[in-house]
Amino acid sequence: MINLRIDDTPVQAEPGQTILVAARGVGIRIPTLCQVDALSPVGACRLCLVEIRNWNGRLVPACATPAQEGLDVVAHSEKLTILRRTILELLFAERNHICAFCVSSGHCELQDLATELGMDHVTFPYRFPFLPVDATHPKFGLDHNRCVLCGRCVRACSEVEGAYTWGFSGRGVATLVEADLGDPWGASKTCTACGKCVQACPVGALFEKGKATAEQVKRPEILAEVTERRPRV
Amino acid sequence: MTRIQVLLCSGTACQSSGSDKVKRALLEALGLHGLLEEVQIIETGCMGPCELGPVLLVYPEGTFYVRVRPEDAAEIVEEHFLKGRPVQRLLWTEGAPRPREIPFFARQVKLVLSNCGTIDPEKIDEYIAARGYEALGKAATGMTPGEVVAEVKRSGLRGRGGAGFPTGTKWELVRAGAGDPKYVICNADEGDPGAFMDRAILEGDPHSILEGMAIAAYAVGANHGYVYVRAEYPLAIQRLQTALAQARKLGFLGPGIFESDFSFDVEIRIGAGAFVCGEETALISSIEGRRGEPRPRPPYPATSGLWGKPTLINNVETYANVRHILLHGAEAFAAVGTEKSKGTKVFALAGKVQNTGLVEVPMGITLRELVFDIGGGVPAGREFKAVQIGGPSGGCLPASLLDVPVDYDSLSQHGAIMGSGGVIILDDAACMVNMARFFLEFTADESCGKCVPCRVGTQMMLRILDRIVAGDGSEDDLTRLTEIGVMMKKASLCGLGQTAANPVLSTLRYFPEEYRAHIRDHSCPAGVCPNLVRYEVLAEACRGCDACRRACPTGAAQGKAGNLPYRIVDELCIRCGACFDACPFDAVRKEPR
């Protein structure tokens, strides 16, 4: 067993466990967005950044950093809350997140995080990019305006479904999630229409057709349910 | 019997200024005089003063010719090679024909570049004659891997890619790493604007990289290596491929090197040119065939790198140092440099400096020596203003810091970084806000988009800088820039985002008054930012040629021949600069508004 401290609470972790999982074990919640159980951690959204006191105050993503003996972790502080709020603000300002029109309103991880962290307004200028909606798939839709580029759909598709339909194109702020090599989703030859990407999506970017405002409830936990039932190789 | 040897630089810069044509002209002239047996032309790697190309060095006496045109070939052959009279007009400085008499060369200490410009990089025999592969032989036949690691550790060598991590310690970590096989990677994805030292080494002395990698592989217990080099370096790739084939043929690579049981081979991977792929984890991801995106560390590549195996990844220049450490010993290596930064560093001098090009200097030399003694200072008529060191991840240091020693720790203490060694010199005609904006635009464009602070943070900073250079900034913007910059430094996933704000933060620190002038006075003191300048016609220079009036799209440039001078009506001017570009007499001036 590995012994570490999180928010001054002594915590024990199994070798290989991340700081995030270790914290959960003692009931310490660390905000996350790009992380979902059963998918490999990528440390992209930076909301789960925690401070390691004995690494010179370095910030590391709790979801992707293995617990190590003797770590002195700060998971909650005024400074971290401000940082997390800033990151949320950047996400809200990046694309067109209009909750009032969104299928996921009320069931949206981005919205919930804003509430949890007390982000009640955005101090950055909105970018208002002009982004398309892909409604070519018979069952699902993709609205790039709501996408936060967490990559959960990409990982669900490759790691759980094994279809490798989703990927990223472009880079930086011009990055887009795309099916196959830029085909309309409906024309994808690899998509199995399993819907795991939709369930994995934390916001209203991927949605089931026929759902109106605030009707889209996601179940990202199905990814873990599916993988846990699989025989281990 | 060869009487004269002509070393003709055939680095990328000299090739683009026509070294091929010079070679053909020289051969033709030599043939005409029947000297082909007596004079040998050897194509070498970069000699350093790139702006003066094509350059050539004539031995035995060591005459250094610059800006040689094909039409000069006949004169060189007839005067110099036949009559023994060096062609004075082609010397760099009149009366000082030899490199060691020229300040640019005299202050340099060439270790990594010792073969660059002295041997033919496409001939392995020449490399061997320069004690090539001797260090590998020494390691593979006479030292244990542990001894090699200890020697590198004792030398104090630090990574030349930018961060300056102690190389020996890294080797030790990989050697101790659990997993099999292990890999050795050479990071040749040099991408900083203005940096070209890795390219010069690959082009001018490719075997030194292969030898360094082989020694490293022996030390850490790897049998397979990769050189990750960008597709924009075709000559480097070609010479590396030639070197690989030659080294394999002579048994310096492959199974049972030096009849030991150590085997090692190298594969070249060509990168598509994304800046972020110079970051080690993104580079590894790219070699694995995936999108070039960084991943969080720890785990570091030393424990989990390429395909999850312990991986040693070092920069080109770092590997180029290795053979010298084994040949001359750690002590000799450590005798050069400062207490914490040992050895030499190659810098690429660019921008407003007399001698642009590639130089190698001992660590700890001051910026003043680098810019003025070696670089020759700012061209006449202008004043030195600042030096941007470390590329887009580095910082901008003002004249008051010219006496700062160039080493890892001193530079980072002042808000710059060593980086890969790109040095851009700025004169008083440069606008620091515009310069910071330029670098930020580069990093914003090169951000891979994986993490939020870098992807969106760079955009937000760029937006503020756009406002400031347009004259629409506010005092609050400066605080905001610092806040976002500091946030990106702490919260970004990889080095790209963590350092992207450095050019902005360092110019805010050293040139705050320039930002204020843009904001408060709506004026660009250097007269660079298009929105913040006023165009004026200098009465005594105007000849009434009408060029400005014809070029002006809005009728702001007005006048009549015979009624001089012309004038530019500021209210009508849209500041496109067409009149400025059109004036053949430099009569149109840009003035701060």
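Chain B has 24 helices and 17 strands; helices here are DSSP runs of H or I with at least four residues, strands are runs of E with at least two, and both are numbered from the N terminus. This is a predicted model: local features need pLDDT of at least 70, side-chain atom pairs count only at pLDDT 80 or more, and totals for chains, interfaces and linings use all residues. Residues are numbered from 1 along each chain as its sequence is written, while chains are lettered from A and ligands numbered from 1 in the order in which they are written.

Overall dimensions of chain B next. Along the principal axes, its C-alpha atoms fill a box of roughly 85 × 65 × 40 Å. A compact globule of 593 residues would have a radius of gyration near 25 Å, and the 26 Å of chain B agrees with that. The radius is taken over C-alpha atoms, and the globule rule is 2.2 Å times the number of residues to the power 0.38.

Now the interface. How many residues of chain B are in contact with chain A? There are 23 in chain B, facing 28 residues of chain A. Contact means that the C-beta atoms of two residues, placed from the backbone, lie within 7 Å. On the chain B side, the elements giving two or more residues are α17 (432–446), α18 (452–469) and α19 (475–491). The largest share, eight residues, comes from α18(B). By class, that side of chain B has 12 nonpolar, four polar and seven charged residues. For the classes, Ala, Val, Leu, Ile, Met, Phe, Trp, Tyr, Cys and Pro count as nonpolar, Asp, Glu, Lys and Arg as charged, and the others, Gly among them, as polar.

Axes are lines fitted to C-alpha atoms, for helices over the stretch in contact, and angles run from 0 to 180 degrees between N-to-C directions. The crossing of α19(B) past α21(B) is left-handed, that is, the near helix is turned anticlockwise from the far one by less than a right angle; clockwise would be right-handed. From α19(B) the contact uses Leu478(B), Leu481(B), Thr482(B) and Gly485(B), and from α21(B) it uses Val504(B), Leu505(B) and Leu508(B). These residues divide into five nonpolar, two polar and no charged.

Glu151(B), Val152(B) and Ser155(B) of α7(B) meet Val322(B), Ile325(B) and Leu326(B) of α13(B). The class count there is four nonpolar, one polar and one charged.

On to strands, where two strands pair if DSSP finds at least two bridges between them. In chain B, β11 (residues 384–389) and β12 (residues 395–398) run antiparallel and are joined by four bridges. Ala386(B) has Pro398(B) as its bridge partner in β12(B). Their hairpin has five residues between the strands, and Gly390(B) in it takes a positive phi near 95 degrees.

In chain A, five strands form an open, mixed sheet in the order β2-β1-β5-β3-β4. β2 (9–13) and β4 (58–61) of chain A are at the edges with a single partner strand each, so one side of each has no neighbour in the sheet. The twist averages 40 degrees from one strand to the next. Within chain A, β1 (residues 2–6) and β5 (residues 72–74) pair in the parallel sense over two bridges, and Arg5(A) has Asp72(A) as its bridge partner in β5(A).

Chain A also has an open, antiparallel sheet of three strands, in the order β6-β7-β10.

Last, some backbone details. In chain A, Phe128(A) has a positive phi near 45 degrees without being a glycine.
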